[in-house]
Amino acid sequence: MITPLMDREVLDVEGLERLVEHLIGGGVHALFILGTSGETPSLSFRLRRELIAGTCKLVAGRLPVLVGVTDTSMQETLALARCAAEAGAVAVVAAPPYYFPLRQSELIHYVRALVSELPLPLVLYNIPALTKTSFEPETVRQLLDVPQIAGLKDSSRQLDYFMAVRKVTRQRPDWSLLVGFEQLLVDTIRAGGNGGVCGGANLSPRLLVELYEAAVADQPGRIEQVERALACQKAIYTVGQGAMASIRGIKCALSLCGICEDRMAEPLQSLSSEQRDQVATILRGCGREVGSRSGIRSR
């Protein structure tokens with residue numbers, strides 16, 4: 001889930017409520033907050049805690065809430081995990097601490113030490129492009145004996161990696177193996193994956209749920225139909241520039257649809273007025289209504 005912001009240190013509270021209801025109404029099976037799409041490393045710890053408490057309160061037990069607790073400091077990670085547990089989350093999600101590249105032996109030691117103090121089950125988060133460290137398949141195998149680890153979310157964008165980890169984790173049928181790159185959702189379901197954590201679901205939750213269901217049911221015709229509908233939305237991801245263009249596009253689209261503000265967490269910047277117009281044109285071409293609240297802006 002993206003993090004709706006009004007300003008640098010101000011949560012868009014009304015937008016958060018609309019977004020949560022939009023996602024639940026779209027049929028998603030759980031919410032994952034404070035991940036990459038949530039711009040988490042750029043958020044203060046105070047704001048992260050406010051988002052955790054606010055989201056869990058709004059969800060009110062209707063869906064499981066998973067909370068990202070990744071940080072370079074183990075103490076801060078544990079503090080966020082305790083906050084998540086107190087708010088009612090069901091699990092926490094942690095990538096390797098970023099900045100210093102870790103050896104796999106160090107990563108294993110870190111995860112084991114972390115789990116020993118966590119108040120909730122842990123989902124590992126593999127996103128080496130941003131953390132410099134990957135959960136190698138052999139590392140995953142060595143961590144299978146930790147019962148508190150519930151699964152892994154893979155955002156490597158590498159199908160070969162996903163399949164190698166799936167082969168390893170078959171030893172733990174209770175593990176959930178999820179993909180973070182929605183373009184690989186169908187392929188990973190076919191490879192034995194359990195689902196996806198897709199940023200595009202912020203905008204079109206129902207379509208992503210339908211794609212998942214069609215993949216699980218192995219319905220090629222339905223898959224093709226949903227993917228055609230999603231192809232229109234994916235054009236929004238390319239309006240901006242840089243690695244975070246998709247988040248900029250999604251936030252802009254949500255603003256145009258009247259759901260929440262488009263403010264990005266600094267140092268990231270929102271799309272320009274001209275780019276915003278491009279997103280509006282794409283939305284209309286996809287049959288989306290750009291309604292009366294389309295003037296929502298953070299600036």
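Author: Tyr-99 and Phe-100 are both exposed (exposed is over 50% relative accessible area, buried under 20%, partly exposed in between, with a 1.4 Å probe and protein chains only). This is a predicted model, where local features need pLDDT of at least 70 and side-chain atom pairs 80 or more, while totals for chains, interfaces and linings use all residues. Residues are numbered from 1 along each chain as its sequence is written, and side-chain values use heavy atoms, without hydrogens and water.

Reader: How many aromatic pairs does a search of the whole structure find?

Author: Two. Rings of Phe, Tyr and Trp (its six-membered ring) pair if their centres lie within 6.5 Å; planes under 30 degrees apart are stacked, over 60 edge-to-face, the rest tilted. The rings of Phe-32 and Tyr-125 have centres 6.0 Å apart and planes at 75 degrees, so they are edge-to-face.

Reader: Where do Phe-32 and Tyr-125 lie?

Author: Phe-32 is in strand β3 (residues 31-33) and Tyr-125 in strand β6 (residues 122-126), so the pair ties together parts 93 residues apart in sequence. Strands (E, at least two residues) and helices (H or I, at least four) are DSSP runs, numbered from the N terminus.

Reader: Are Phe-32 and Tyr-125 buried or exposed?

Author: Both are buried. The rings of Tyr-99 and Phe-100 have centres 5.0 Å apart and planes at 90 degrees, so that pair is edge-to-face.

Reader: New topic. At what angle do α9 and α10 pack?

Author: About 155 degrees, with the axes of α9 (residues 205-216) and α10 (residues 220-234) 9 Å apart. Axes are lines fitted to C-alpha atoms, for helices over the stretch in contact, and angles run from 0 to 180 degrees between N-to-C directions. So α9 is roughly antiparallel to α10 (over 145 degrees; under 35 is roughly parallel, 65 to 115 roughly perpendicular, the rest oblique).

Reader: Which residues of α9 and α10 make the contact?

Author: Among them are Leu-207, Leu-208 and Leu-211 of α9, and Ile-223, Val-226 and Leu-230 of α10. Contact means heavy atoms within 4.5 Å.

Reader: And what is found in the loop between α9 and α10?

Author: Asp-218 is found there. Its phi is near 55 degrees, a positive value in a residue other than glycine. Asp-218 is exposed, at 53% relative accessibility.

Reader: Last one. Which residues does a cis peptide bond join?

Author: Glu-266 and Pro-267, with omega about 15 degrees. Pro-267 sits in the loop between α11 (245-256) and α12 (273-285).
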